[in-house]
Amino acid sequence: TDADADSAGAETGAEATAAKAKSKQGCNAQLVMAGDFEQANHFYPRVLNAQIHPLVSSFFQLGNERIIARYVHLRPNVNQDKLRELLAYQPKHFAWAGSDLFNVTTDQGQHQMIIIETNSCPSGQKSMPLLQDTDECGGYRSVLRSAFGDLLRSAEVDGELAVIYDKNHMEASGYAAAMAEESGEHVWLVEYHDSDQDPPVRWTDRIMEIRDAAGAWHAIRACFRYVTQRPWSRIPLYTRTRVLNPVIACLAGGRNKMMAARAYEMLNAELRPFNMSVRVPLTIYNVVRDEVPLWIDSMGGHAVIKNPYSNAGQGVWTITTKEDLQSFMALDHRYDKFIVQSLVGNASWSSTTHDGCFYHVGTIPNKKNNIFVCDVRMMIAGASDGFRPISIYARRARLPLIAKLEDDPTATSWGMLGTNLSVKLPDGSWTTESQRLVLMDRKDFNQLGIGIDDLIDAYIQTVLSVIAIDKMCQRLVDDGDKFNYDLFRALNPDDALLSELTL
């Protein structure tokens, strides 16, 4: 509120930080009613007046059968029946997801989309122009009718509906308002932080209960989760309340890059006879800190180190110099294990691996002939009738790519390669650098230099990555919803992570 802003302005340093931290303690649920959806509250201002690009609109109108026909026409060695089976797959645990993809090429000119990571609480609705002007809820409604609709129909306990979140209030409240519109019921919107000593959520006999402003507790039969920071530390792995997405989706790869890498390997082995695969940079997992320099040397001195459990651009280190590596090695880390991936940079400074060298296609050159790295976020939902694309946006790096690193010693590799818009502030809150957002509208889309076949490729890759993680979920949870702790520990031997799990 304005009053909060004024009081914060009067404080300085540690006082302001302490005040904001205190404001996240003891939050209560807010009631959202049908008719509360206001576009200005749930879309960026730029998006409200944006017109969808005709090519992007055409992609969303294709449908899976036409996508299959086009994809197989360009890749005749792909098994069409298997691809149809994959697009019709109904996820059991991981039904709503977003993948970040790079548009890359090789020295031989092989152009393709590759998966960087797949997210179990993806943003994207606030950045997507409406496909139909008459549907003001846009993609919010699409997710609720598909993935959440199936979940809601399977609810087995009595209670109300809720959206819980720890960041991105704009989209979380959008889902709550759209859910109230779709269901005709009121919906509870609940801010739920890891650091809250008096949280507004509790679990009674594995049923979620939320606290309203009067201090009364309400049982929840189905919940939409936008809790992104270590959700396994406060949400049980097995719940009687239906949750989209359940925490197992995070542990199996949706917020665990270590397990995602294993999931992709397993699905790729299954799909090899059908000439399909999840395409990713070379990934080495379960790497202890002392091993990191050895793996970076093996990739030609250029690589990416990742905290496997972070998100929003946090816990990622691009290594292109000895100084970059020394800075990483000097840090204290919460977790014991890391992943090391081959670096996708420019042609002269990408990692060299046995699979060759990927480098960024980048944007169309601007008036200064600068080319920027961009990633594409593809959000999808899976339901009883298969997968569908929900929203797309792109993000541009802060600095243009340079041909050789020595051309500009002041340019940092993260400045040229880091595309995430989320920025964590010193007080623990988040802000967004929306000026680097690239919309799918008539004005922005052409900067990307991609076509409808690239969007189809991105969609197929996203679907494959989600299926891989959903199948990993099924390996980790038996038919009785019992978590196989021993298998998880064998695949992801990180004691620091295991100590955080709420079983």
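**Packing of helices α7 and α16**

In this predicted model, the axes of helix α7 (residues 80-87) and helix α16 (residues 452-476) come within 10 Å and cross at roughly 65 degrees, where axes are lines fitted to C-alpha atoms, for helices over the stretch in contact, and angles run from 0 to 180 degrees between N-to-C directions. The two helices, α7 and α16, are therefore roughly perpendicular to each other, a term that covers angles of 65 to 115 degrees. On the side of α7, the contact (heavy atoms within 4.5 Å) is made by Leu-83, Leu-86 and Leu-87, and on the side of α16 by Tyr-459, Ile-460, Val-463, Leu-464 and Ile-467. By class, this contact of α7 with α16 comprises eight nonpolar residues, with no polar and no charged ones; Leu, Ile, Val and Tyr are among the residue types that count as nonpolar.

Within α7, the residues that are buried (under 20% relative accessible area, with a 1.4 Å probe and protein chains only) are Lys-82, Leu-83, Leu-86 and Leu-87. Because these residues cover an arc of only 135 degrees around the axis, they lie on the same side of α7, the arc being that of the directions from the helix axis to the C-beta atoms. The elements that cover them include α6 (63-74), α12 (257-271), β16 (386-396) and α16.

Residues are numbered from 1 along each chain as its sequence is written. Local features need pLDDT of at least 70, side-chain atom pairs count only at pLDDT 80 or more, totals for chains, interfaces and linings use all residues, and side-chain values use heavy atoms, with hydrogens and water left out.

Technical notes:
Helix = DSSP H or I, 4+ residues; strand = E, 2+ residues; numbered from the N terminus. Parallel < 35°, antiparallel > 145°, perpendicular 65-115°, else oblique. Buried < 20%, exposed > 50% of the residue type's maximum accessible area, 1.4 Å probe, protein only.
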